[in-house]
Amino acid sequence: MSIYDKLKNPDIEMRGMPFWSWNDTLTEDELRRQIREMKKAGMGGFFMHARTGLITPYLSEEYFDMHKVCVDEAKKQGMVPWLYDEDCWPSGSAGGIIEAKGEQFQQKYVDFAFETNPKVDRYTIALYDVERQGEGIKSYKRTNGAAGEKLVFRWVPNGYIDILDANCVKAFIETAYDLFDKVFEGKTKEYVRGVFTDEPNFNKDAFSPRAPWTNDFELDFAMIAGYELLDRLPELVFDVGDYKELRHDYYKTASIMFTYAYANQIYDWCDERGLEFTGHYLLEDDLQVMTQHIGAAMPLYMYEHIPGIDHLCRRIIDPMLVKQVSSVAAQTGRKRVLSEMYGCTGWNTSFEDYKRIAQWQYVLGVNLTCEHLCQYTMRKHRKRDYPASIFYQSPWWHDFKAIEDMFARVATAMTSGEPVAKILVIHPIESAWCEYDVLKPSESLAKIDKAFKEILTNLSGMHVDYELGDEQVMYELARVEEGKLRVGERHYDMVIIPPCVTLRGSTLRMLRRFAGPVLLCGGIPERADGSLSDEAAAILAEAERCGTDFDSLKAAVLKHIKPTVTLTAGGKDMKDVFVREVENGSEKYIYFANLDNGGTPEVFGEVRLAGKGLVREVNLLTGDVADIPCRTEGDETVFDLRFAPVESHLIVFDTDKEPVIGEAEKFAETSSVELAGPWTMKRSRENALTLDFCRYKVGDGDWSERIHTIHLTKPLADVRGKVTLAFDFVCDFETLPEEFTLAVEDPDKCEVYVNGAKVEYVDGWYVDTSFKTIKIKGLVKNGDNRIEVVIPDYIGKNEAEKEIETLDIPRLKGNMRIHPGNKATVLLPFEGEPYDKILRCNNLRFGYELESVYLLGDFRVREDFVLTDDSENVDCSDFAQQGYPFFSGTFICETEFDAPEAGKAFVDLSGCGSIVAKVYVNDSYADTVFWRPKRGEITDFVHPGKNKLRIEFTTSNRNLLGPHHHIEGELTAVGPDSFMTEGGAWTDGYSFVPEGLVRAPRIVFGK
């Protein structure tokens, strides 16, 4: 099969493998239905991800049976199923079973205090006599005596798992991993591809400045550093003595212990069984937080078959996060690089956002998307679980295949050859260890971080590819061969050393033998292996010097490295366009990604490729391939590419074939017509009113003041018994519709009344299968209306916690063991009463939440939230301002336009605020507009004279589900707290995003 066949129809392996959030009671029919939904949207497989809200008991027989169901359906659909190794995250505790074994199994951190006559117990690490100096100390001396004032260091258990202890990790493997192997009868690789591990770390409290500890830390430290830790422990937190050396050695020890206790053990378990180990670690994208939580990322990636990362929110950042993982993958010969992406982006994430987030990572080396998140259900709190749900609940779901197809094609190309990178940039994480301050953010560390990221950004901006060299990875994999530096499977012609304070002696000795240029972007490091040393000065004395800024770095690099790709506009580098190149024989596959998300109009860039050959472009939406006319200048092939904001191109350059000489046609506008209307409009489904404020009463008590449903948890925390919610709304119709529908969650657990009349759920759902629809024909009236939801057996949060305590779940989990026989129930005592208790616990924790209700029907919503007639016509401007502020679905708008005799024609939807716009001309489908330049071609469907235009604008769930009440309005980093915010961040007012067009569309004619 040729590369072009593969690009036209990408293999299932190249497609996204989403996090499939198992977050409720799992049923076979629904699991199978959802797998078929993923397949239709172009996804290639899924990670079966136990997540918050899961009712089916974790690791129960029922839980494993549902895995078998999904494996069976995946086989039928030709998809790839994957395991997930934890209940929620971070991985390591097996749903709390490991830490329930006792505090020796729990994560530990170092605490310290000045105390007089301190108590010495098993938590005490060491005591010191100190001479204080302000808030710090001037000197210290270790002591065994506890009389008088002492500086006391203790270890503190912190829940989770002691991930630095190989025996604790072994217990996790035996509990979680071995059980799956037993369920699949030792043939796990015949059922699933591998296992995902999620955010393991040695400091689970994000961004907290805590130093890790474990039982054997002193012993391992002495073996790694060569001296006794407790002789110098105060230097960990106080700037006294040679504290930089101590801190370097401390975090080096923690990093090595983590790598071999966790990553190496699980990798070996998977490797022995023919499974692929993948996933990501906690907080990998900043030197400060990386030191705090995992020590170093790159050594961990060595022990993954598919190294992976995590990227959150709609932002894109510097290249470090992605380059760390893609570098190790290349150096260890791994073809695939995973990223869990799109988490926390919010319901209004556009296709352009999804494209921009993914292409930034793909152009830096990712080639496997793990979409966050396909939610099994959005019932109750789950709808706020770091949305959006990239699944059937989103109105645009059946168009998402365009994203899947696009990046499956990029992945196909980028894994069909070897990456071209001639430069190795030394990673300064070990300098970060020297500068790290456990008490406060370190300014010197921040400078190292900033300079490093500036170098990487500038190298990417000058279109010269590179990889990173972590010194632990280099210690294990690097050597010098015939003057070239080799790290594992990769060779490098140049080494760049960013500003740093230490290098390993092993690195320096390799640089002495390296025959290529060494570029020093800062001063000569004063340390080797964390200790003061002249070794770097002796070896790097002749190294070339340059700054970290773009111009000086470019000048220094291009003296030695000739890039394959040069991209300019008006003679200036197009720094916002990053390039990734892989080569396979005579063919090079080159991916261009414009990361400019601003208002810059489209630009034509001049591309120069080293060598002469045929240039072809792959249409990433269709897989079609077209030759690009070009010219040759000397030994270069030259052509132009258009770059609208966030535009990308996939080019195939074949030096065994002759170029097509010529100039590419460029569209020239000759005339245009603005479509001011009139428009006709209809909806794909009923309009909606989200009723999120209510009054409540307990039992037969008095009604409360108006309150948002999301804030009901606090006033009802101690309630056990009947609770009634009242949702009020007002109607002002000239012609009152008969048909209305109410969407309510869990109608089987409550009684629902509309204006005093009891209504019952029969069938049907809205948006999510848990939003059950109830027909309320003839019950809505003009004037004031009330919907009452009566929960007869409500249990408040505090009451639920009291009952959970009586169930003694930690003791049950602490006593669980692998069953020694071949019973289907694989944990003891996970049957009978223990099973029932855990099921009860899950229902108490997740089953008694109170939520908004949704009124559906043919109406508009006035600015004062009064419902009125849906008879007036609309234009294509913001539909949220025209009576549809909560609508979720598709608006179908039609108008007419006149066309001239001949030429090309486009519809310009540059003002489009909806997620997807499908364009039809004269009742024929013409094009779909997803992202800028937001033009749909209609040439083949237009005839001279009158033409009918139909545009279908598909919204997101943002206006239906929020967050509506955050003071900042639309957020680009969205989690549960974005909805549940209180105080100064809360407003009773509503925030909506525009849907439709913020300015009128145009029909553009030209040639």
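**Stop 1: Glu803**

Select Glu803: this residue is buried, with a relative accessible area of 17%. Buried means under 20% relative accessible area, exposed over 50%, and partly exposed in between (1.4 Å probe, protein chains only). Glu803 sits in helix α18, residues 797–807. Helices (H or I, at least four residues) and strands (E, at least two) are DSSP runs, numbered from the N terminus.

A word on the model before moving on. It is predicted: local features need pLDDT of at least 70, side-chain atom pairs count only at pLDDT 80 or more, and totals for chains, interfaces and linings use all residues. Residues are numbered from 1 along each chain as its sequence is written, and side-chain values use heavy atoms, with hydrogens and water left out.

Stay on Glu803 and show side chains. Which side chain does Glu803 join by a polar contact of 2.6 Å? It is that of Arg720. A polar contact is a pair of N or O atoms within 3.5 Å; within protein, one must be able to donate a hydrogen and the other to accept it, and residues adjacent in sequence count only if both atoms are side-chain atoms. Leaving aside neighbours within four places in sequence, Glu803 is in contact with Arg720, Ile795, Arg840 and Leu844. Contact means heavy atoms within 4.5 Å.

**Stop 2: zoom out**

Show the whole protein chain. DSSP runs come to 22 helices and 59 strands. The C-alpha trace spans about 85 × 80 × 60 Å along its principal axes. For 1007 residues, a compact globule would have a radius of gyration near 30 Å; the protein chain has 31 Å, which agrees. That radius is taken over C-alpha atoms, and the globule rule is 2.2 Å times the number of residues to the power 0.38.

Colour by burial: 62% of the 1007 residues count as buried. The chain exposes about 37,100 Å², and carbon and sulfur atoms supply 47% of it. Accessible areas come from the Shrake-Rupley method with a 1.4 Å probe; for residues, only the protein chains shown count as cover. Among contacts between residues at least 6 apart in sequence, 79% join residues at least 24 apart.

**Stop 3: Lys150**

Select Lys150 in strand β7, residues 149–157. Is this lysine buried or exposed? Lys150 is buried, with a relative accessible area of 6%. Its side chain reaches the backbone oxygen of Ala147 at 3.2 Å.

**Stop 4: helix α5**

Select residues 217–225. In this helix, Phe217, Phe221 and Ala222 are buried. Seen down the axis of α5, these buried residues fall within an arc of 130°, so they line one face of the helix. The arc is that of the directions from the helix axis to the C-beta atoms. Cover for the buried residues includes β9 (211–213) and α6 (243–272). Step just past α5 to Gly226, which takes a positive phi of about 85°.

**Stop 5: helix α17**

Select residues 550–558. The buried residues here are Phe550, Leu553, Ala556 and Val557. Down the axis of α17 they fall within an arc of 140°, so they line one face of the helix. They pack against β15 (423–426), α13 (443–461), β20 (494–497), β22 (518–520) and β27 (572–573).

**Stop 6: a five-stranded sheet**

Follow β27 into an open sheet with the order β27-β26-β30-β34-β33 and antiparallel pairing. β27 and β33 (631–633) stand at the edges, each with a single partner strand, so one side of each is left without a neighbour in the sheet. Two strands pair if DSSP finds at least two bridges between them. Inside the sheet, β26 (565–569) and β30 (603–610) pair over four bridges. Pick Thr566 and look across to Arg608, its bridge partner in β30.

**Stop 7: Phe578**

Select Phe578 in strand β28, residues 577–584. Phe578 is buried, with a relative accessible area of 7%. Beyond neighbours within four places in sequence, its contacts include Pro319, Val363, Leu364, Tyr591 and Phe592.

**Stop 8: a hairpin**

Finish at β55 (916–921) and β56 (924–929), antiparallel strands joined by five bridges. Lys918 has Thr928 as its bridge partner in β56. The two strands form a hairpin with two residues between them. In the turn, Asn922 has a positive phi of about 55°.
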